[in-house]
Amino acid sequence: MMTHRQRARHSGRAAARLRCAVAAVALSAALASSGCSRRPPNGTPDGAVRELVARLRQLHGDPADAKAAFELLSRRARDNLAARAQRYSAATGKAIAPEAMITPSRFLLRFEPQRYVAQIAGAHALVDVAGLLPGERVQVPCVYEDAGWRVDLALPPLSPVQKRPGSEL
């Protein structure tokens, strides 16, 4: 039979082993979850550009796909598309969402991207996208905003609304 002192020592060792086992399980769970978690697509500038290209490729008129692509754009590009949507809505009387201004027929790859390399300077970056041939190269500007990298597409500014002479509209 065990004495009181032996039982106390035995239960103390068992408790220590249990604490070690719990700590090991917690550590392995933390390492597993951190190892399995992927960086969001816009975690890097080149990732944001790569993801935008992928999302635009699958854009075939589905509003959810357009929304997913729209979310990867910079605030400046989104504002530009919102102004275009507002002008379209005012002219036609039909409300249109800003992301609907991204049309599949307007998106055409000039070459198949093979390599994405980012040059980061603070909150701005240029992503060099290269294809297979020497002339297949473009630089895509990105900006870090809203806790992620966004593609800063340079969309042409809207022209001023033209009014008829003598009209007060």
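**Reading helices, burial and salt bridges**

Modeller: Start with Arg78, which sits in helix α4 (residues 75-92). This is a predicted model: local features need pLDDT of at least 70, side-chain atom pairs count only at pLDDT 80 or more, and totals for chains, interfaces and linings use all residues. Residues are numbered from 1 along each chain as its sequence is written, and side-chain values use heavy atoms, with hydrogens and water left out.

Colleague: How are helices and strands assigned? How many of each does the chain have?

Modeller: Both are DSSP runs, numbered from the N terminus: helices are H or I with at least four residues, strands are E with at least two. The chain has four helices and four strands. Along the sequence the pattern reads α-α-α-α-β-β-β-β.

Colleague: Is Arg78 buried or exposed?

Modeller: Buried means under 20% relative accessible area, exposed over 50%, and partly exposed in between (1.4 Å probe, protein chains only). Arg78 has a relative accessible area of 16%, so Arg78 is buried. Across the chain of 169 residues, 26% count as buried.

Colleague: What does Arg78 touch?

Modeller: A contact means heavy atoms within 4.5 Å. Leaving out residues up to four places away in sequence, Arg78 touches Phe70, Glu71, Leu73, Glu145, Asp146 and Arg150. In the chain, 49% of the contacts with a separation of 6 or more are between residues 24 or more positions apart.

Colleague: Which side chain makes a polar contact with the side chain of Arg78?

Modeller: A polar contact is a pair of N or O atoms within 3.5 Å; within protein, one must be able to donate a hydrogen and the other to accept it, and residues adjacent in sequence count only if both atoms are side-chain atoms. For Arg78, the partner is the side chain of Asp146, at 3.5 Å.

Colleague: Now Glu145. Where is Glu145 found, and is Glu145 buried or exposed?

Modeller: Glu145 is in strand β3 (residues 137-145). Its relative accessible area is 12%, so Glu145 is buried. A polar atom of the Glu145 side chain lies 2.4 Å from the backbone nitrogen of Arg75. Beyond four places in sequence, Glu145 touches Leu73, Ser74, Arg75, Arg78 and Arg150.

Colleague: How many salt bridges does a search of the whole structure find?

Modeller: A salt bridge is a side-chain nitrogen of Lys or Arg within 4 Å of a carboxyl oxygen of Asp or Glu. The search finds seven. One of them joins Asp146 and Arg75, with the closest N and O atoms 3.1 Å apart. That pair links distant parts of the chain: Asp146 is in the loop between β3 and β4 (148-151), Arg75 is in helix α4, and they are 71 residues apart. Asp146 is partly exposed at 44% relative accessibility. Arg75, at 39%, is also partly exposed.

Colleague: Which residue does Asp152 meet in a salt bridge?

Modeller: Arg76, at 2.9 Å, N to O. Asp152 lies in the segment after β4 and Arg76 in helix α4, so the pair ties together parts 76 residues apart in sequence. Asp152 counts as buried, at 13% relative accessibility.

Colleague: And what about Arg137 and Asp128?

Modeller: Their side chains meet in a salt bridge at 2.9 Å, N to O. Arg137 is partly exposed, at 41%, whereas Asp128 is buried, at 11%.

Colleague: Which residues are joined into one network?

Modeller: Arg75, Arg78, Glu145 and Asp146, through salt bridges that share partners.
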